[in-house]
Amino acid sequence: MSIDEAQIRRLIAEGDLEAALRKIIQGTKVTLYQIIRKMSVDHYLADDILQEVYIKVFRHIPKFEWNSALTTWLYRITINETMGQIKKEARRKESGDVEVDKAEDASVDFENAMKHFDHAVSLLPERQRAVFVMKYYGESSFREMAEILDQSEGGLKANYHHAVQKIKAHLKSKEIISS
Amino acid sequence: MKWEEIEKRAKKQPLSGVPTDYFDTLEEKVMNKIHEGSLPGNRVRLQKILLQSAAVLVLLIGLFYFLPKSDLNPENLSMEEQYYFYMYQEDLDLEEVWPELDDLSVDTLESWILQAHISDDILIDELY
């Protein structure tokens, strides 16, 4: 994420919330979308969530106290919003599986492997999924995540470890990776 | 395939199903939602409506309390009228009392009851 917090803060102080939001969107849309997308899988759901995130940001940013980094706050809204939406979607995915191509071509193998990988991520419990996605795709530090998710670094490391083990186990069960 | 290979390549895999212009149009979609949706214009409008409703409510309460009361009061009624009135107050069985009403109109009786601040909805309903 690349945002100029000082500039955004100045725009908010001047009352130009729309300009502030535009700066935030421009600097964060790709990263936040990737995180949401990896947590929610479906593009349309991810799109809805991301738009809702920015609307919440717009609503609440005048009250933001700047005690933490703006990016941390954005991550927190994103994760909370995504986990909230995922809860609504979770039930239908529990018994689902992915379509796998049977072709022997290496590129198709990899494509299938990625489908299974994404599916394995989508099967993780919400918090483990959030930790895994933030660490893996958002490249957040455990310290930063501890602030965002309000959880100890030790707990987050355990979550991440469990998430990786579950993904590996899923891929092994599908014979995507060897033991 | 090895886990390390999957792990390394998964990070780089492009996200499927993303429209090519998605990131170019996202900003305007959000801004349109803000302009046309519930924010902030609607919120302001809603606040205005709520304020107007509250003002009307305060006005009505004020009217109720400060308008001069009519002198229709059980204490100002004739002995006969008071008798009927208190019969109503003590006994809600209108079927029993109704034949004794004679000259009293329902409107008059209702007025007395309201003036006496009887808020028993059953009694009021039964008058109709």
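**Exercise 1.** Determine whether A:K38 is buried or exposed, and identify its salt-bridge partner.

*Solution.*
Step 1. The relative accessible area of A:K38 is 7%, so the residue is buried (under 20% relative accessible area; exposed is over 50%, partly exposed in between; 1.4 Å probe, protein chains only).
Step 2. This is a predicted model, in which local features need pLDDT of at least 70 and side-chain atom pairs pLDDT 80 or more, whereas totals for chains, interfaces and linings use all residues. Residues are numbered from 1 along each chain as written, chains are lettered from A and ligands numbered from 1 in written order, and side-chain values use heavy atoms, without hydrogens and water.
Step 3. A:D118 is partly exposed, its relative accessibility being 23%.
Step 4. A salt bridge (Lys or Arg side-chain nitrogen within 4 Å of an Asp or Glu carboxyl oxygen) joins A:K38 to A:D118, with an N to O distance of 3.5 Å. The two residues are 80 residues apart and link distant parts of the chain: A:D118 belongs to helix α5 (residues 106-123) of chain A, and A:K38 to helix α2 of chain A (helices are DSSP runs of H or I, at least four residues, numbered from the N terminus).

**Exercise 2.** Which helices are joined by the salt bridge between A:D47 and B:K29, and how accessible is each residue?

*Solution.*
Step 1. The side chains of A:D47 and B:K29 form a salt bridge at 3.2 Å, N to O.
Step 2. Helix α3 (residues 43-60) of chain A holds A:D47 and helix α2 of chain B holds B:K29, so the pair joins two chains.
Step 3. A:D47 has a relative accessible area of 8% and is buried, whereas B:K29, at 30%, is partly exposed.

**Exercise 3.** Describe the setting of the salt bridge between A:R22 and B:E27.

*Solution.*
Step 1. The N to O distance of this pair is 2.8 Å.
Step 2. Over all chains, the structure holds six salt bridges. A:R22 sits in helix α2 (residues 17-40) of chain A and B:E27 in helix α2 of chain B, so the pair joins two chains.
Step 3. A:R22 is partly exposed at 24% relative accessible area, while B:E27 is buried at 10%.
Step 4. Together with B:E28, the residues A:R22 and B:E27 are linked in a network of salt bridges.

**Exercise 4.** Characterise the interface of chain B and chain A by its residues, area and salt bridges.

*Solution.*
Step 1. Chain B contributes 30 residues to the contact and chain A contributes 36 residues (contact: heavy atoms within 4.5 Å).
Step 2. About 3,200 Å² is buried between the two chains, with 66% coming from carbon and sulfur atoms (accessible area lost on assembly, 1.4 Å probe, summed over both parts).
Step 3. Three salt bridges are counted between chain B and chain A. On the side of chain B that touches chain A, the elements giving two or more residues are α1 (3-12) and α2 (22-36) of chain B. The largest share of that side, 11 residues, is from α2(B).

**Exercise 5.** Which residues does A:F117 contact beyond its neighbours within four places in sequence?

*Solution.*
Step 1. Within chain A, the contacts of A:F117 are A:F132, A:Y136, A:Y137, A:I167 and A:L171.
Step 2. From chain B, A:F117 is in contact with B:W3, B:I6 and B:A10.
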